[in-house]
Amino acid sequence: MASKKGSDKYSVLLPTYNERDNLPLIVWLLVRAFQESGHDFEIIVIDDGSPDGTLEVAQQLEKIYGKDNIVLRPRAKKLGLGTAYIHGMKHATGNYIIIMDADLSHHPKFIPEFISKQQEKNYDVVSGTRYRGTGGVYGWDLKRKLISRGANYLTQILLRPGASDLTGSFRLYKKAVLEKLVESCVSKGYVFQMEMIVRARQLGFTIGEVPITFVDRVYGESKLGGNEVISFAKGLLYLFATT
């Protein structure tokens with residue numbers, strides 16, 4: 001295990017719903033990434049009343065890795081991603097916050113790169129991008145790739161956000177910056193991540209990018225359906241009108 005670097009601490013917010021199969025592996029990968037890179041960390045699991053026993057699995061992981069590293073902050077039911085971040089931040093002791101999916105679509109091996117990128121120019125936000133450099137997507141059919149590319153392209157034209165991947169949800173924030181962004185965002189669901197970056201640009205925060213590979217969820221069902229596409233279109237028009 002590497003020795004701890006500096007006084008910075010990284011709080012990973014992991015909102016979960018029916019992730020009992022994925023959670024042990026994502027936590028193990030996170031712990032390994034932080035221990036090998038020598039950064040201080042905590043993993044805050046925010047489970048929204050999963051009926052599949054995700055919370056019970058999280059409790060076992062807490063016993064294995066200790067309460068300093070695994071922090072359980074469950075909620076009684078699904079209350080949305082934005083409120084999950086607010087809930088998690090209230091309990092976060094780190095000065096940096098990392099948000100990512102718990103379904104293994106985001107690999108923790110990129111986290112040391114996020115941290116290095118942030119330190120390069122003291123960025124307020126570092127966003128993982130599927131659309132630059134070595135970034136990419138695995139496990140999607142052509143239709144979904146076209147929807148994602150098209151949505152991102154349309155967003156770039158309408159909003160000019162200063163970042164290449166608006167709908168991704170693998171990011172590092174300064175804690176104070178994330179608190180301000182969450183306060184200013186009104187969107188729900190799929191559009192929430194997009195609004196966070198748009199508001200960051202609007203408020204004058206600096207954004208760095210790291211190419212990542214996104215792998216479609218390993219266990220469970222993907223959440224992108226027709227309703228999400230419609231919600232995205234509505235949200236895009238709202239942001240276009242208000243930014």
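Buried means under 20% relative accessible area, exposed means over 50%, and partly exposed lies in between, with a 1.4 Å probe and protein chains only. Helices (H or I, at least four residues) and strands (E, at least two) are DSSP runs numbered from the N terminus.

The model is predicted: local features need pLDDT of at least 70, side-chain atom pairs count only at pLDDT 80 or more, and totals for chains, interfaces and linings use all residues. Residues are numbered from 1 along each chain as its sequence is written, and side-chain values use heavy atoms, with hydrogens and water left out.

**Exercise 1. Strand S7 and its partners**

Task: state which way the residues of strand S7 point, and find the bridge partner of Ile-98 in S7.

Solution. 
Step 1. In a regular strand the side chains alternate between the two faces of the sheet.
Step 2. Strand S7 covers residues 171–174; Arg-171 and Tyr-173 point one way, Leu-172 and Lys-174 point the other way, and all are buried.
Step 3. Two strands pair if DSSP finds at least two bridges between them. S4 and S7 run antiparallel and are joined by four bridges. Leu-172 is the partner of Ile-98.
Step 4. S7 also pairs with strand S5 (residues 125–129), in the antiparallel sense, over three bridges. Here Leu-172 is the bridge partner of Val-126, and Tyr-173 stands opposite Val-125.

**Exercise 2. Helix H1**

Task: compare the reach of helix H1 with its expected span, and list what its buried residues pack against.

Solution. 
Step 1. The expected span of a helix is 1.5 Å times one less than its number of residues.
Step 2. H1 (residues 23–37) has 15 residues and reaches 21 Å from first C-alpha to last, close to the 21 Å expected.
Step 3. Its buried residues are Leu-23, Ile-26, Val-27, Leu-29, Leu-30, Val-31, Ala-33, Phe-34 and Ser-37.
Step 4. Contact means heavy atoms within 4.5 Å. The buried residues of H1 pack against S1, strand S2 (40–47), helix H2 (54–65), strand S3 (70–72), S4 and helix H4 (111–121).
Step 5. Just after H1, Gly-38 takes a positive phi of about 80°.

**Exercise 3. The nonpolar cores**

Task: which members of the largest nonpolar core touch the most other members, and which element gives the most to this core?

Solution. 
Step 1. A nonpolar core is a set of buried Ala, Val, Leu, Ile, Met, Phe, Trp, Tyr and Cys residues joined through side-chain atoms within 4.5 Å.
Step 2. The largest has 33 residues, and Leu-14, Leu-23, Leu-30, Phe-34 and Ile-43 touch the most other members.
Step 3. Two or more residues come from each of S1, H1, S2, H2, S3, S4 and H4. H1 gives the most, with seven.
Step 4. Leaving out residues up to four places away in sequence, Leu-30 touches Val-12, Leu-14, Ile-43, Met-100, Pro-108 and Ile-111.
Step 5. A second, separate core has 23 residues, including Ala-84, Met-89, Val-177 and Leu-181.
Step 6. Leu-14 is in strand S1 and is buried at 0% relative accessibility. Beyond four places in sequence, the residues that Leu-14 touches include Leu-23, Ile-26, Ile-44 and Ala-102.

**Exercise 4. Aromatic pairs**

Task: how many aromatic pairs are there in the whole structure, and how are the rings of Tyr-10 and Tyr-96 arranged?

Solution. 
Step 1. Rings of Phe, Tyr and Trp (its six-membered ring) pair if their centres lie within 6.5 Å; planes under 30 degrees apart count as stacked, over 60 as edge-to-face and the rest as tilted.
Step 2. The search finds four aromatic pairs.
Step 3. The ring centres of Tyr-10 and Tyr-96 are 5.2 Å apart and the planes are at 20°, so this pair is stacked.
Step 4. Tyr-10 lies in strand S1 (residues 9–16) and Tyr-96 in strand S4 (residues 96–99), so the pair ties together parts 86 residues apart in sequence. Both residues are buried.
Step 5. Phe-34 and Phe-41 are also stacked, because their ring centres are 4.8 Å apart and their planes are at 5°. Phe-34 is buried at 1% relative accessibility, and Phe-41 is buried at 3%.
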